[in-house]
Amino acid sequence: MQREASYRLLSRTVLTSNGCWMWTAAKAGRGYGVLRFRGRQWYAHRVSWVVYRGEIPQNICVLHRCDTPGCINPEHLFLGSYQDNSRDASCKGRLPGNRTHGSQKPIAKLDETSVRRIRLLYYGGASIRAIQRQYHPALTWEGIKAAAIGKTWRHVNFDEERTATR
Ligand SMILES: [Zn+2]
């Protein structure tokens, strides 16, 4: 299934000189690729993230380093918060059916879900400072960093995340 999705993605892209995988099939407004995946419409770059990198946590955006909406190269993508979305319109203009759930209220104490989210953000390229500002203003920088690098919450691992989120 992952293989099949990967084929569907790759067969609809062309490689450009700057390494972008440009989507050549259906596009939404602003040039974002779209395709059907798991029974609904998805942005192609979000599917690419799921296929090559893993599940996207709730309330998290997949953003472009290359500022090319039609690009789905996973190397050019990173996870970010809604507040980082000035770079990327696909965060705001979400497709119908991709609504997020849950609150975005800051969490004062860490739990397993927030630790996983911190790690995904951190290894997706977000700074500890940005994670703190967005999600954990009540925690210290050191506390967030320790959770991010696995100094604390050692028993929490990434693999569970993949089955836990939709
Ligand atoms: Zn690109």
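**Around one isoleucine**

Colleague: Leaving aside its neighbours within four places in sequence, which residues is isoleucine 131 in contact with?

Modeller: Once neighbours within four places in sequence are set aside, isoleucine 131 is in contact with Ile118, Leu121, Tyr122, Ala126, His136 and Ile144, where contact means that the two C-beta atoms, placed from the backbone, lie within 7 Å. Please keep in mind that this is a predicted model, in which local features need pLDDT of at least 70 and side-chain atom pairs count only at pLDDT 80 or more, while totals for chains, interfaces and linings use all residues. The residue numbers start from 1 along each chain, as its sequence is written.

Colleague: And which residues of α4 are buried?

Modeller: Ile128, Ile131 and Tyr135 are the buried residues of α4. A residue is buried if 20 or more other C-beta atoms lie within 10 Å of its own, exposed if 12 or fewer, and partly exposed in between, with the C-beta atoms placed from the backbone. Seen down the axis of α4, its buried residues fall within an arc of 65 degrees, so they line one face of the helix; the arc is that of the directions from the helix axis to the C-beta atoms. An α-helix has 3.6 residues a turn, so residues three or four places apart point the same way.

Colleague: What do those buried residues of α4 pack against?

Modeller: The buried residues of α4 pack against α3 and α5. In α5, Ile144, Ala147 and Ala148 are buried, and they cover an arc of only 100 degrees around the axis, which puts them on the same side of α5. The buried residues of α5, for their part, pack against α3 and α4.

Colleague: Stepping back, how many residues does the largest nonpolar core have?

Modeller: The largest nonpolar core has 34 residues, and those with the most contacts inside it are Ala44, Leu79, Ile118, Ile131 and Ile144. Such a core is a set of buried Ala, Val, Leu, Ile, Met, Phe, Trp, Tyr and Cys residues joined through C-beta atoms within 7 Å. At least two residues of this core come from each of β2 (21–23), α2 (44–52), β5 (61–64), β6 (77–80), α3 (112–123), α4 (128–135) and α5 (141–148), and α2 gives the largest share, five residues.

Colleague: How many bridges join β5 to β6?

Modeller: Four bridges join β5 to β6, and the two strands run antiparallel; strands pair if DSSP finds at least two bridges between them. The bridge partner of valine 62 in β6 is leucine 79. Both faces of β5 are covered, with Cys61 and Leu63 buried on one side and Val62 and His64 buried on the other.

Colleague: And β3 with β4, how do they run?

Modeller: Strands β3 (residues 34–37) and β4 (residues 40–43) run antiparallel and are joined by four bridges, with valine 34 standing opposite tyrosine 43. Their hairpin has two residues between the strands, and arginine 38 takes a positive phi near 50 degrees there.

Colleague: Is glycine 19 buried or exposed?

Modeller: Glycine 19, found in the loop between β1 (13–15) and β2, counts as exposed, with 11 C-beta neighbours inside 10 Å.

Colleague: Last one: which element of the chain has the lowest mean pLDDT?

Modeller: Helix α6 (residues 158–164) has the lowest mean pLDDT (43) among the elements, whereas β2 has the highest (95); pLDDT is the predictor's confidence in each residue, from 0 to 100. The mean over the chain is 79, and 77% of its residues reach 70 or more. Over residues 96–107 pLDDT stays under 50, and the model has 15 contacts beyond four places in sequence for them.
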